[in-house]
Amino acid sequence: PLDNPRSHTPPWPSRVFLDSSLPTMASSSNSSTDLLVTLDTAERGADAEIVATIDALLKSDEPDAAAKAILIAFKRRNHDKSQAADGGPGEKRFLLTVISEMLGRGEVDKVERVLPLVPLYGSWRDLLVLAESLAGTSAEEQTEATKTVVKSIAALFAHQMQTDDDQMALDESFLPSAACKYAPHGRRHGGATAAPPTKRAAGGGGGVAKRPRSALGAEANKKKVSEAHTVAKLLGKAVASELNLDPCTQSAEYRKLRSRLNRRLTERGHLVEPLLCMKDAASIKFKQAPKGSLAKYKAAIMADEVAARRWAKAQNSSLAAVADLNDLGAAVVDWNDEKLEDDESLKFFAKRIEKAVETAKDAKAEIRKAAVDVLGQLQGTDDDVPQLTDSAVLPLVGAGGNKSLETRLLAAFLVLKAQGLTAFAIHDEVISVAADATFDTFVELVEASGAATREASPATLQRGATALLAHYRADALASTAAADEEKGDDEGKVQAKADSLPTGNPDILFLCSDFAPYATPAEGAELADAIQALQTDAGLRSLLVHRLRSVRTAAASDCEYRARSLRPLPAKSEVVVDLCICMDCTGSMGAWIDAAKTHLVAIIEELGRDIEVADIRVAFVAYRDFDDQDRKVIEPFASAKDVGRVVRCIRDQHASGGGDEPEDVISGVEGMRSLEWRGDVRMCLFVADACAHGYLPGKGAYQGHDDHPTGLCPDQKVCLPDLMHQFAHEDGVDLIMCQISNRTSKMEEMFKGVYAAADDKDPAAAELGPRGYGVLPMSSGASAFKEAILSCLSSSLLELIGNDTLTSGVQTFDGSTLSSLVSTMNSSLRESTHAVAERLRNAKEEAVAAAAAAAEEEEIAAIEAKIAAKEIAKLKEVEMADADADAEVEVEVEAEGAAAAQPEDD
């Protein structure tokens, strides 16, 4: 933490704590733990899901929920620790989303305490973006909390720059931090509200190139740039005020301070952009410069021959200067590009492989260390605890899917290198690989085998896994025999044994592009039998299935659709999904009609493999405008096997008609209501670029022309909202609105209101929108129709239906990043370590509870004994008192007797 009044000592002392103290698996039954795991693995950009999870977490019984959520944010910001399946390292947006959300929920103290850590785990730019997002809100949204945090951020910038300036004055070799680079000021800044640059006109003067200026095109852009400059200026004044400069010369002194610090960074080659602007790329310090900046300006650097040579030299001499190999698909593209490069000094793929292997080994070492610690705690325990072993993970590459085959081969190559193995299987054939083989050799071996072209099935998977396991065991026996021949000192052997884990049955890591074993009951049963045979006969521990395919997240994260079912769902294998495509087929929709008829079959087939239900029935409804030919076309539902009938109907449609801007949407809804809806889940995909009659947005001249502004054509009597209400709540059909243009915005609001009518009591409706309705932006055009639709439907249906069928010994994973692959490789060891740790923790808790119960029983026994002693003593006192009373009575009786015996005096 920085030493200033607004900085506090953080409650977590080190990076190790951040990495090791958080749960990484959802194996606990504790709901708060599941929420933490959900937060840790939430998709990038899924802000609504993140906010909803934080809300549920804060309402749970989790102690210090806010602090743990912030810890997860820092963990995901840390470059190599993100567990999200859909992205790479360094999730700055996630960190800022969590901090902003915590601030909005009144956790000001915690936010202020973590602010000094933001530059340490992220960058000074993160602080700038946070300050801009808070200071850029409207005056009504500004609170004392936001003002306090903005002032704290300004104080951090001021303190760091002042410290850097003082140190620079004392030491000529001192290198300042990046605070000066991102410090807010006047008209130029690098935060979230920075305006997009425009290209510089050609033929500019020589010498120092000018920096790109903000775009000042349209009026809306001018306003945006003006607001951004205003925010940056206010923040700059706040930082200058914290520096305690003379008010008369404050602005000039602040500018000079930033200039001094930035000049030193530029002179030392740490700022890439200024050196490029000065046409001095050769002065960049490639070993120290930010890798993100180097990647961003790669084309400009490679255009400079000297700079390209120096960068190549830096990469060849230091792994730290080599770009990370994180996205495996992108890495394969780079590898193919490098094959065309004549200059060997500019080929770095081998270095990137080496770096990725080291990353995988480091991750495995961390988990092994934790496992060894847990194993040490098992000594002397007689409890029946789960087995804890460190076993090999053998890669088996699935055939088919040639588009992603090289990506799967790269994953297999990394798995081999990270473990020092020399064999893998592709399809049902085992291939031996030399220890020093390159990825090029690896691919050549696969191509020579011809195995990648064969058809896959559970039977071929079983054959390949059996052969690979046998090969691994033969190699293990040979290695053991060779090791026995070598003589070593006993102490070293004992130490090695103490630092190792027992070796158990290996896992098979099945690398594929698709895996849906329950497409048919027979196929699922065949796979279950194959896995059972592998575990019984071949000694398999588990089958880890990792699907490396394009992650369909962009469209899904933009669509807030949440599927619903208004009736109880049967078992997943018996679920029937009804999907109707309702499309505007007027003149402007030609590209979308073509996309539908081109991709519909593929969408249904892939959707079927993803969600694994009994059937997906498809129907099609086309509508145009009043008085148009083929005003309404209806193709009834067809099963997935007969979807070709629906495609033929779509092929018969041509983009035609549509006089005024709005179209006859009512006819389309009437057509959908006439269909025979029978599915357990019912969905409508509504594709249109124009609104219904009566729903033109805008006012006056900007509204456009509508021949039927009342919303009803001459032959219609029921208005669109009433029809939609019946469609949504009587027919029980969900609606996904494909947003092609903003001219449907008013109609979309009406649709949303109809579906929200049943969600009044749902607190998530305000944040996520009503269940059963969603808007899917189609800004990428008709070319992205398939991926956008498939992404939205697959993710929403999987969330609703879930998996109700499991095969013992099979675990499935997704992702095409190095981090996701490493996570899959270590899953068995990590989960077994977690299970043992949970058992030990429970045993300790039970022992503590038993000891406490025994102590309580002893205390109760002592109290009871004390009470009994008191009662006995009291009883004795009573008995003694009674005896004394009896004695007194006897004395009195004797006295009376003696008196009676004495003669009376005359």
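**Reading the sheet and its helices**

Mentor: In this predicted model, 77% of the protein's contacts between residues at least 6 apart in sequence join residues at least 24 apart.

Trainee: What makes two residues count as a contact here?

Mentor: Heavy atoms within 4.5 Å.

Trainee: How do you know that β5 and β12 pair?

Mentor: Pairing needs at least two bridges. Strand β5 (residues 543–547) and β12 have five bridges, so they count as paired. The sense is parallel. One of the bridges joins V545 to T812 in β12.

Trainee: Which order do the strands of the open sheet take?

Mentor: The six strands run β3-β2-β1-β4-β5-β12, with mixed pairing.

Trainee: Why are β3 and β12 called edge strands?

Mentor: Each pairs on one side only. They span 429–432 and 810–814, respectively. Neighbouring strands of the sheet are turned by 25° against each other on average, direction ignored.

Trainee: Which strands does helix α19 lie across?

Mentor: Helix α19 (residues 405–419) lies across β1 (393–397), β2 (423–426) and β4 (507–512). Its angle to β1 is about 160°.

Trainee: What makes a residue count as buried?

Mentor: Under 20% relative accessible area. Of the protein's 906 residues, 45% count as buried.

Terms used. Residues are numbered from 1 along each chain as its sequence is written. This is a predicted model: local features need pLDDT of at least 70, side-chain atom pairs count only at pLDDT 80 or more; totals for chains, interfaces and linings use all residues. Side-chain values use heavy atoms; hydrogens and water are left out. Helices (H or I, at least four residues) and strands (E, at least two) are DSSP runs, numbered from the N terminus. Axes are lines fitted to C-alpha atoms, for helices over the stretch in contact, and angles run from 0 to 180 degrees between N-to-C directions. Buried means under 20% relative accessible area, exposed over 50%, partly exposed in between (1.4 Å probe, protein chains only).
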